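I opened a new notebook page today.

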Amino acid sequence: MTKTSVTRRPDERRQWLPVAALFTVLGPVAVWCGRATSYLPGFPPGLVWLYALPVAMVAFTWIPPRTDAQRGRRLAVGSAGCLLAFFYPHLVLVTILTLWGFSGG
């Protein structure tokens, strides 16, 4: 019978704090880099609340995983949150230009 990661003692599990701290640092860096590389002239202040989703995804990584599958999901969600935070200003710009183009300029 093999040991699953659920039955391991807590001190046998890999430490998760550095991973969560890394995503916590990378989240704001991704926001800053995304806004710095976007051609959006000024970020509309009313759309800042949409950063709540990437922030929530990064915050989800602070829940300690109990299994290897949960560890993989936490890594995927944290990575997706950072990528979404980076590409969000670009997505807003493309959406604005698309709406402008469909409205007849």
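I looked up Phe 87 first. At 46% relative accessibility, Phe 87 counts as partly exposed. My cut-offs: buried is under 20% relative accessible area, exposed is over 50%, and partly exposed is in between (1.4 Å probe, protein chains only).

I noted that this is a predicted model, where local features need pLDDT of at least 70, side-chain atom pairs count only at pLDDT 80 or more, and totals for chains, interfaces and linings use all residues. Residues are numbered from 1 along each chain as its sequence is written, and side-chain values use heavy atoms, without hydrogens and water.

Next I checked helix 3 (residues 68-102), which has a kink of about 45° at Phe 87, shortly before the proline Pro 89. The bend is the angle between axes fitted to the seven residues ending at a residue and the seven starting there. Helices are DSSP runs (H or I, at least four residues), numbered from the N terminus.

Then I turned to ring pairs. Rings of Phe, Tyr and Trp (its six-membered ring) pair if their centres lie within 6.5 Å; planes under 30 degrees apart are stacked, over 60 edge-to-face, the rest tilted. I found two aromatic pairs by this rule. The rings of Tyr 51 and Tyr 88 have centres 4.7 Å apart and planes at 70°, so this pair is edge-to-face. Tyr 51 sits in the loop between helix 1 and helix 2 and Tyr 88 in helix 3, so the pair ties together parts 37 residues apart in sequence. Both Tyr 51 and Tyr 88 are buried.

The rings of Phe 86 and Phe 87 have centres 4.9 Å apart and planes at 80°, so this pair is edge-to-face. I listed Phe 86 as partly exposed, at 23% relative accessible area.

Note on methods. Helices (H or I, at least four residues) and strands (E, at least two) are DSSP runs, numbered from the N terminus.
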